[in-house]
Amino acid sequence: MTEQRMPGFDQAFARGMTSRRMSRRNLMKLGGATVGTLSLAQILAACGEGTSSVPGGDTSAPGATMPDYGAEPGPTINFANWPLYIDQAKDASGTKYNPTLDQFKEETGITVNYNDEINDNAEFVSEILPQLQAGQNIERDIIVVTNGQWLTALQKNGYVYELDAARRPNFDANAADWARDPFFDPGNKYGMCWQSGLTGIGYNTDLVLAPITKAADLMDSTKCPPNSVGVLKGDAPDFAMITLGIDPKVSTPEQWAEAAAWLTTLRDSETFRTAYTQDYVDDLNAGNLSATMGWSGDILYYAIWEGYNYEFVLPEDGALLWIDSMLIPVNATNPAGAYALMDYYYRPEVAQTVTEWVLYMSPVPAVQALIAQHGEDADDDLLRATAENPLLWPDEAILDQTSLGVNLQTDEEIAEFSSIFDPIWEG
């Protein structure tokens, strides 16, 4: 986020972009809808034994023929991603651009049409579903989807292509261990991580009555003043399970009920203010929240780059890890180009540029040393702080305190999950 890293970068532009920062995570978790907004029956059309039959021809069925990723790429790539989730800059004439995409074009001659159109997993999958069901090209070569039921639905229904593990040299050389072979995509058969992050606790050091170290502190009136604690509806079930020592990935309905009881106690405590689907940072910045469940990139951005007196903590009980994956939808026009671009973002110097803008967990560990060196070369304390923050570069000790969330796979599971958790925030 400095002129040295991005020629022509306008610092005032960066501040204007982030004065009311709508980060990638602010917009993510179901957009105010309940868990069951879009029935999985609409997606998992007939998925006996984890497979389904899909109208529209073989290319949309599980096990669809892998594209020839070694073929000559086409001249353009259509890339759908989340808002404020890639490096940005502004040239001397005031035109915005993405330095890493421009570099890719310079190297390959391929133009990337980048569209920050994804505001919600369920909403986006619902939008592209009719074309996928019909075996049609959705006019996107790369999409970015978060681990969970929607990613699982795309995989199980054969709506995303398998990747060729022999053709990703940068990924193989540079990917973090946590980005390889995730439980929701064994062997990275379908996707490669774009960015990742943690759901933990963010707090305002000027407003809390004592430091926050564990989830139970959110309902402790000796630490948080009345009416000053926020909750993230979408992440709350997984967060509560982790707090109770339950692994969401293998959790049962009985354990969901335990987590719901914990959340109900938090909701009824005098410290509780409200539950958010998005925009919790607005209340935090306005001084209405002393502490809140929060996303690492949001809190660290304001603490490091904007100077707010915020701390982001990994609770003693554990935190939620999430991973956003780049995927190639079936019938994409330029799968060879898409795969080349996906692997390009695993070059450390390219990943560095993205991380310096978005401040989420990079799937490329070498980025940390590059940002540290950049901080020294530029004599920039903010870059140094970015490189030194352990939550951006989690080691095994930190990762051992995290878990990925529940992976609902059927309508029955979703209905039961929703019936347990949705009533907490209703009325």
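# Exercises on a predicted protein model

Buried residues, meaning those under 20% relative accessible area (1.4 Å probe, protein chains only), make up 58% of the 427 residues in the protein chain. The model is predicted, so local features need pLDDT of at least 70 and side-chain atom pairs count only at pLDDT 80 or more, while totals for chains, interfaces and linings use all residues. Residues are numbered from 1 along each chain as its sequence is written, and side-chain values use heavy atoms, with hydrogens and water left out.

## Exercise 1

Determine where Asn174 lies, whether Asn174 is buried or exposed, and what Asn174 touches.

**Solution.** 

1. Helices are DSSP runs of H or I with at least four residues, numbered from the N terminus, and strands are runs of E with at least two. Asn174 belongs to helix H5, residues 169-174.
2. The relative accessibility of Asn174 is 19%, so this residue counts as buried.
3. A contact means heavy atoms within 4.5 Å. Leaving aside residues up to four places away in sequence, Asn174 touches Arg180, Tyr346, Arg347, Pro348, Pro363, Val364 and Pro365.
4. For Tyr346, the backbone oxygen lies 2.9 Å from a polar atom of the Asn174 side chain.

## Exercise 2

Explain which parts of the chain the pair Glu117 and Arg140 ties together.

**Solution.** 

1. Side chains of opposite charge can pair when their charged atoms come close.
2. A salt bridge is a side-chain nitrogen of Lys or Arg within 4 Å of a carboxyl oxygen of Asp or Glu. The side chains of Glu117 and Arg140 form one, at 2.9 Å from N to O.
3. Glu117 is in the loop between strand S4 (111-115) and helix H3 (121-133), and Arg140 is in the loop between H3 and strand S5 (142-146), so the pair ties together parts that are 23 residues apart in sequence.
4. Arg140 is buried, at a relative accessible area of 11%.

## Exercise 3

**Solution.** 

1. Exposed means over 50% relative accessible area, and partly exposed lies between the two limits.
2. Asp268 is exposed at 53% relative accessibility, and Arg267 is partly exposed at 28%.
3. Arg384 is buried at 17%, whereas Glu376 is partly exposed at 47%.
4. Salt bridges with shared partners join Glu376, Asp379, Asp381 and Arg384 into one network.

Note on methods
Polar contact = N/O pair within 3.5 Å; in protein donor to acceptor, adjacent residues only side chain to side chain.
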